[in-house]
Amino acid sequence: DDKSTYTGAYAAIAGASKSTRVHESHDAWKSKRQPPEPVKGLRPVFDAFSAFGGGQPGSMDNVKFAKLCIECGLVDRAFNSTAADIVFQKVKPKGERKITFVDFLWACDRIAEAKQVTYATVTHAIVMTGGPQSSGTKAEYTKFYDDKETFTGAAASIAGLEKAKSTRERKHWKDGRVAPAVNSVPAGLKESYAQFCSFGGGNGQDMNIKVWGKLTNECGLLDRKLNKIGADIIFAKVAEGGKLLSFRDFLWMLVLVAEEKGTTFDEIGGQIARAAPDCSGTKAEYARFHDDKSTYTGQYVSKFGVEKEERKKNEKFGWKAGRSVPRSVPGVEMVFDAFCTFGGGRPGAMSSTTWGKVLEDCELLGPDLTHARGEVLFAKVCGVGAKHVGYVDFKWLLQLTSEAKSFTYMELCEVLLTTGGPKSSGTTSFDRSLTKFHDDRTEADGSKSPPGSPRSKRERGGSMELPIAPNSPGGTSGGFFRRAATARAA
């Protein structure tokens, strides 16, 4: 309803006359006030707060201004930290992030107005503070940080230090020491050195740091004066970047060890000459294919220099050499076919499973012939890639089995004939009445009566006609069922 509130297009449509709004500048409020005068001692405090924490004197940001208000006791209920931020934004030039000392004087005037005190009271509180207070932990003295005389390289150039170049040359560790003579070493030292270098598959001539550590430990060289780290340092000093040391280098290490322990070279050498490498490992059990080198093949033969006899390439059934062909015994082939057809097999083809049943039913299994041994015999006779054996190979199986059981071939055939065939371990029903409708086919009728089952007359009247089987000669069903029953019985 009040068209004087209309703006833009609505004001033009409604014909409302709008007065032009005058925007005051950011610092327009300063023109209505008298500029505050600087107070003695106020500028040093302002610069101290401005430079605190790595700042630049003469320009103060909002964080330093808030710190000044808090530490000078200007913040209270009448003038809180939010009010201090508002004052800072008020006196700060537009677009700037910091205030100058003149802007700071205007801020003191605004603080006095907000706290309802005089300008002199605010400036006096700031001057009496003297500067910012540091609540951080002072670090302890560090020589290589605080003492710039210790600076080197880039740090020295950044700090503006001129370091005089050191003219001292580093002396080699062999300078001033007498080289040990290889020919005048204690007796047995060279032999003991060779034993340690040969330990663990070494070549007996070069020593690495592990062998050196073992030698110093087992020869009793390690003590308070020479520990394990000291021994490693001696090895690294003599090796000079290498990994293997010769006997001459080993003598130099003994010289350095004697210096560390405060004794003579001969005493250290004699102590080592009386020692030998100690093996604390567990002795493994005998393993034929590792310890018996006659079993090595391929590249291991050439690597270990094993002389192997040239292997004869026999025929597929070379094991038959030296054995007489087993003869046929009457009745054995019938028992063989009985076992082959047991469980749905075909005559004349025996599998490994069926051969296992032969061994079980004939009670041939025992300590001298196990299931595993029986399978080995079957695989031997059967040959590579085959799964069944015929009657001829079955006789060879009996021959090998008789040798394993210490029987004669004829004795084993008599056992097989006595067995007569496979034994069925299936379960039969003990109560015939429970299976009446399965075993007695005279009770079968309807769609579930099996072919060839005689039908009986029912009380419901008349005799049931049997369906005529398709393609049956004569067109009668009786001939069809009779032929089916005859085929099943056969």
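Arg 110 lies over the face of Trp 29, 4.7 Å from the ring centre. A charge counts as over a ring if NZ of Lys or CZ of Arg is within 6 Å of the ring centre and within 35 degrees of the ring normal. This is a predicted model: local features need pLDDT of at least 70, side-chain atom pairs count only at pLDDT 80 or more, and totals for chains, interfaces and linings use all residues. Residues are numbered from 1 along each chain as its sequence is written, and side-chain values use heavy atoms, leaving out hydrogens and water.

**Overall build**
- The chain has 22 helices and zero strands (DSSP runs: H or I, at least four residues, for helices; E, at least two, for strands; numbered from the N terminus).
- Of its 490 residues, 29% are buried (under 20% relative accessible area, 1.4 Å probe, protein chains only).

**Aromatic pairs**
- The chain holds 14 aromatic pairs (Phe, Tyr or six-membered Trp rings with centres within 6.5 Å; planes under 30 degrees apart are stacked, over 60 edge-to-face, the rest tilted).
- Tyr 193 and Phe 247 pair edge-to-face, at 5.1 Å centre to centre and 65° between the planes.
- Tyr 193 sits in helix α9 (residues 189-198) and Phe 247 in helix α12 (residues 247-261), so the pair ties together parts 54 residues apart in sequence.
- Both Tyr 193 and Phe 247 are buried.
- Trp 355 and Phe 394 also pair edge-to-face, at 6.1 Å and 85°.
- Trp 355 is in helix α17 and Phe 394 in helix α19, 39 residues apart.

**Around Phe 247**
- Ring pairs join Phe 247 with Tyr 193, Trp 212 and Phe 250 in a cluster.
- Lys 190 lies over the face of Phe 247, 5.5 Å from the ring centre.

How values were computed
Buried means under 20% relative accessible area, exposed over 50%, partly exposed in between (1.4 Å probe, protein chains only).
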